[in-house]
Amino acid sequence: TFHFQKKHSFSRQKRVWIIPPASIKENDPLMQNPIAVVVSDYQAFQKLTYTISGPGADQPPYNLFVIDKDTGDLNITGQVDREKNPRFVLTAQAFNSHHQPIEKPLELVIEVEDVNDNPPVFQQQVFTGSVEELCTFDTMVMKLTATDADEKRNALIAYRILSQGSRNMFVAKHNGEIKTISNNLDREVCIKDSLSATLLKLTYKCPAQPIEFGE
């Protein structure tokens with residue numbers, strides 16, 4: 001039986017080996033090797049040689065993952081960008097002293113964990129909205145939209161107005177909606193005012209480039 005041990009641990013259920021995916025953090029300079037261990041039951045009775053193949057091994061990016069041919073320790077040699085490679089699927093094999101395979105090939109799934117390393121980006125350079133003069137409080141003016149290349153909680157985005165002329169009459173909600181905070185908008189006073197907004201990542205508040213938008 002072939003085992004793919006994650007951090008030197010594995011589970012068994014009804015005599016069937018459960019192979020959990022290994023995981024690594026993207027852009028992690030502190031590589032804790034081995035990230036996994038490939039083991040065959042036959043190793044107890046004879047000397048085996050382990051190999052891996054696939055993207056990240058003998059295919060681009062070459063030699064990112066290497067395996068100790070004697071112990072089955074799976075090591076990583078460099079940093080990984082999740083936005084380019086969210087996962088790697090390798091194939092492991094065990095050979096006897098005659099270079100004959102003694103197991104069926106084993107699929108090794110290595111997931112790349114996301115870190116908060118991408119700034120959010122506005123989806124357009126100019127956002128245009130309108131509102132009636134003397135409108136009620138909390139009137140919707142426009143909605144800003146942005147994207148983030150990270151995932152899950154690392155992709156949460158918040159918005160903030162940096163400047164809005166001589167008077168504070170609008171507020172940016174976390175969902176990108178721009179709403180009024182006054183019910184006394186005077187067109188003659190506001191017409192020369194413009195807004196400048198920025199967006200923040202909720203998890204670590206990395207400011208993106210400000211963007212201008214009109215009324």
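This is a predicted model: local features need pLDDT of at least 70, side-chain atom pairs count only at pLDDT 80 or more; totals for chains, interfaces and linings use all residues.
Residues are numbered from 1 along each chain as its sequence is written. Local features need pLDDT of at least 70, side-chain atom pairs count only at pLDDT 80 or more, and totals for chains, interfaces and linings use all residues, while side-chain values use heavy atoms, with hydrogens and water left out.

**Aromatic pairs**

Rings of Phe, Tyr and Trp (its six-membered ring) pair if their centres lie within 6.5 Å; planes under 30 degrees apart are stacked, over 60 edge-to-face, and the rest tilted. The count by this rule is 3 aromatic pairs. In one of them, the ring centres of Phe 65 and Phe 88 are 5.1 Å apart and the planes stand at 70°, so this pair is edge-to-face. Phe 65 sits in strand β7 (residues 65-67) and Phe 88 in strand β9 (residues 87-95), so the pair ties together parts 23 residues apart in sequence. Strands (E, at least two residues) are DSSP runs, numbered from the N terminus. Phe 65 and Phe 88 are both buried. Buried means under 20% relative accessible area, exposed over 50%, and partly exposed in between (1.4 Å probe, protein chains only).

Phe 122 and Phe 127 also pair. Their ring centres are 5.9 Å apart and their planes lie at 65°, so this pair is edge-to-face too. Phe 122 and Phe 127 are buried. Ring pairs join Phe 122, Phe 127 and Tyr 159 into a cluster.

**A buried aspartate**

Asp 150 lies in the loop between β14 (146-147) and β15 (157-163). Its relative accessible area is 6%, so Asp 150 is buried. The side chains of Asp 150 and Asn 118 are joined by a polar contact of 2.9 Å. A polar contact is a pair of N or O atoms within 3.5 Å; within protein, one must be able to donate a hydrogen and the other to accept it, and residues adjacent in sequence count only if both atoms are side-chain atoms.

**The largest pocket**

The largest pocket has a volume of about 280 Å³. A pocket is an open set of points on a 1 Å grid over the protein atoms alone, where a 1.4 Å probe fits, with protein on both sides within 12 Å along at least five of seven lines; lining residues have an atom within 4 Å of a point. The volume is the space filled by probe spheres set on the points. The lining of the largest pocket holds 15 residues, and Ser 23, Ile 24, Lys 25, Asp 28 and Gln 32 lie nearest its centre. Strand β4 (residues 22-25) gives the largest share of this lining, 3 residues.

**Salt bridges**

A salt bridge is a side-chain nitrogen of Lys or Arg within 4 Å of a carboxyl oxygen of Asp or Glu. The whole structure has 8 salt bridges. The table shows some of them.

| Salt bridge | N to O distance | Relative accessibility |
|---|---|---|
| Lys 69 and Asp 70 | 3.4 Å | Lys 69 48%, Asp 70 35% |
| Arg 82 and Glu 83 | 2.9 Å | Arg 82 10%, Glu 83 28% |
| Glu 177 and Lys 179 | 3.5 Å | Glu 177 18%, Lys 179 17% |

Lys 69 counts as partly exposed, as does Asp 70. Arg 82 is buried, whereas Glu 83 is partly exposed. Glu 177 is buried, and Lys 179 is buried. A network of salt bridges links Arg 82, Glu 83, Asp 114 and Glu 151.

Notes
Helices (H or I, at least four residues) and strands (E, at least two) are DSSP runs, numbered from the N terminus.
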